[in-house]
Amino acid sequence: MTTIPSINPTTGKVISEVEMHTEEQVSRMLKKSAETFREWKRTDISERNELLKNFAELLRKNKQQYGELITTEMGKVIKQAVPEVAKCATMFDYFADNAERMLEPEPAEELCNSTIHYEPMGTVLAIKPWNFPFWQVLSAAAHVLAGGNVMLLKHSSYVPLCALEIENIFLEAGFPEGVFQTMLIDGRNASSLISRDEVKAVSFTGGFDAGQKVAELSAHNMKKFVLELGGSDPFLVLDDANVEMAAKTGVPSRFINTGQTCIAAKRFIVMEDVAEEFTERFVEGTNKLNIGDPMDPETDIGPMVRDEQIPALEEQVKDAISKGAEALVPGGRMAGEGYMYSPTVLGNITRDMKVMSEETFGPIAPIITVRTEEEAIELANDSEFGLGASVWSQDRERAMRIASELETGMVGINSFCTPQACLPFGGVKKSGMGRELSRHGFLEFMNIKSVKLM
C-alpha cells in the first residue's frame with residue numbers, strides 16, 4: 001500500500017504515514033458523490049444552512065485543537081493557525097446567513113413572465129495547497145455546499161492529516177456522507193479526474209504551471225473552472241503616506257505565515273521622499289520578529305513547510321545580491337533541525353532582479369525606491385501576476401485613483417489585503433481567473449438558468 005508521510009517541518013520528522021486511496025476507492029468516491037448530489041441539491045436550503053452553522057460551531061469549539069494540527073503539520077505559528085480556523089467559522093456563518101438570498105430567483109428585466117434561477121452543477125473537484133490548510137479548502141467548500149453542490153477534495157500531500165480531519169468535521173456536523181469527501185491521491189491522478197463524467201467543475205489553488213494544466217484539461221472536457229495561482233503583490237508607499245503605520249503594517253503583510261502566502265505584500269515600492277524613513281522602520285520591525293517554535297504563542301516566524309522550498313529563496317537572494325542589492329537584514333537558512341529560514345530584507349533593488357519578477361514564497365522583502373507616482377504605478381503593474389496590492393496615502397482621493405489603475409483583483413488602501421467572506425477573491429493575468437467568496441464566488445459553480453413563461 002502506497003503511503004503519504006505527514007512531516008512536522010519544525011523537526012523534519014515524520015508524524016505518521018497515511019495510506020493513499022486506490023483507483024477503486026476513488027471510483028467509489030466519485031460514484032458516491034454523484035449519487036449524493038441528487039439528494040443534496042433537493043435538500044431544503046434551511047436544512048443546508050443549519051448544517052453550515054453546525055460546522056461553524058464545531059470549528060469554534062475545537063479551534064485550538066485544529067490550530068495545533070495545522071501548526072504541527074505545516075508549521076504555521078499557533079497565533080495565526082487558531083485564528084485561521086476561527087475565520088473559517090465566520091465564513092460558514094456568512095454563507096448560512098446569505099445563501100437563501102443568493103439563490104432567490106430574479107425577475108428578468110422587461111420580461112415580466114420570465115425569471116432567472118440559480119441551480120447547482122454537481123460535483124466540484126477541489127485541488128488545494130498546503131499554506132492555509134483549512135482556509136484554502138473551506139473558502140471554496142462553504143459556498144459550493146451552500147449552493148447545493150458537493151465536493152471532492154484533493155489536498156496537498158504536505159497536509160494529509162488536515163485533509164482527513166476536515167472531512168471528519170463535516171461528518172460530525174451532520175452532513176450526509178458523500179457531500180464532502182477527501183481523496184488521498186497524487187496530483188497526476190487528481191488531474192485525470194477532470195475527464196470523469198461525475199466531475200462537473202474544478203476549483204484550483206496553486207502554482208501557475210499546474211493551474212495552466214488544470215485549465216487545459218477543464219477546457220478540453222468542457223468543465224467550468226476557477227483558478228487562483230499566486231501573486232507578486234505590490235505595496236505602494238506614497239510620499240504623503242503615514243510612514244509609521246505603513247511600515248508597522250508592512251512587516252506582518254510580508255512575513256505572515258513565514259511569507260508563504262499568495263496575498264502577502266511581496267514588492268515594496270516606496271517613493272524616495274519617504275524611502276529612508278520607511279526602510280529604517282521596516283528593518284526595525286523585522287528585527288523584532290520572534291523566530292522559533294511555532295507552538296510558542298510569542299513566535300512570529302516558524303519553519304518553511306519543506307526543505308525543498310528553501311533553495312528557490314536562496315537563489316532569489318543570491319541573484320539580487322549579485323546585481324547590487326544590499327542585505328539590510330541578512331536572514332537566510334538557519335542551522336539545526338527543521339526547515340527554518342530567517343527573514344531577509346533587501347535594499348537597493350532594481351527591476352531586473354528575480355525578487356521583482358518572480359513570486360517570493362517565503363520571508364524575503366525587497367524594497368525599491370521610485371521618484372514619482374507614475375513610476376510607482378508602472379512598476380506595480382510590471383508583473384505577470386495581478387492578485388492584490390496595497391496603497392498607502394493620506395489623500396483618499398489620490399489613493400482611490402491609483403487603486404483604479406492597478407491591474408489586480410483586490411486593493412487595500414492603508415491596509416493589508418486579506419480575504420473576507422463578503423468580498424470576491426481572485427486575480428487577473430497569471431494570478432488566475434474566476435472568483436471565490438461573496439455572491440460572485442457563490443455563482444461561479446451555479447447554473448444560471450432562464451425560465452420563460454408564455
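Trainee: Is Met-222 buried or exposed?

Mentor: Buried means under 20% relative accessible area, exposed over 50%, and partly exposed in between, using a 1.4 Å probe and protein chains only. Met-222 counts as exposed because its relative accessibility is 73%. Keep in mind that this is a predicted model, where local features need pLDDT of at least 70, side-chain atom pairs count only at pLDDT 80 or more, and totals for chains, interfaces and linings use all residues. Residues are numbered from 1 along each chain as its sequence is written, and side-chain values use heavy atoms, with hydrogens and water left out.

Trainee: Where is Met-222 found?

Mentor: Helices (H or I, at least four residues) and strands (E, at least two) are DSSP runs, numbered from the N terminus. Met-222 sits in the loop between helix H8 (208–220) and strand S9 (224–228). Its phi is near 55 degrees, a positive value in a residue other than glycine. Asn-348 also has phi near 55 degrees, again positive in a residue other than glycine. Asn-348 belongs to the loop between strand S15 (344–347) and helix H12 (354–357), and is exposed, with a relative accessible area of 53%.

Trainee: Nice. Now the sheet: in what order do the six strands come?

Mentor: Strands of a sheet pair through backbone hydrogen bonds, either parallel or antiparallel. Here, two strands pair if DSSP finds at least two bridges between them. The open sheet has the order S7-S6-S5-S8-S9-S21, with mixed pairing. Strand S7 (180–182) and strand S21 (432–433) are the edge strands, each pairing on one side only. Strand S5 (residues 123–127) and strand S8 (residues 199–205) run parallel, joined by five bridges, and Val-124 stands opposite Ala-201 in S8.

Trainee: Which strands does helix H5 touch?

Mentor: Contact means heavy atoms within 4.5 Å. Axes are lines fitted to C-alpha atoms, for helices over the stretch in contact, and angles run from 0 to 180 degrees between N-to-C directions. Helix H5 (residues 135–146) packs on the sheet and touches S5, strand S6 (150–154), S7 and S8, its direction making about 165 degrees with that of S6. Helix H6 (residues 160–172) lies across S6 and S7, at about 155 degrees to S7.

Trainee: And at what angle do H4 and H5 pack?

Mentor: Helix H4 (residues 78–103) packs with H5 at about 20 degrees, their axes 9 Å apart. Angles under 35 degrees count as roughly parallel, over 145 as roughly antiparallel, 65 to 115 as roughly perpendicular and the rest as oblique. H4 and H5 are therefore roughly parallel to each other.
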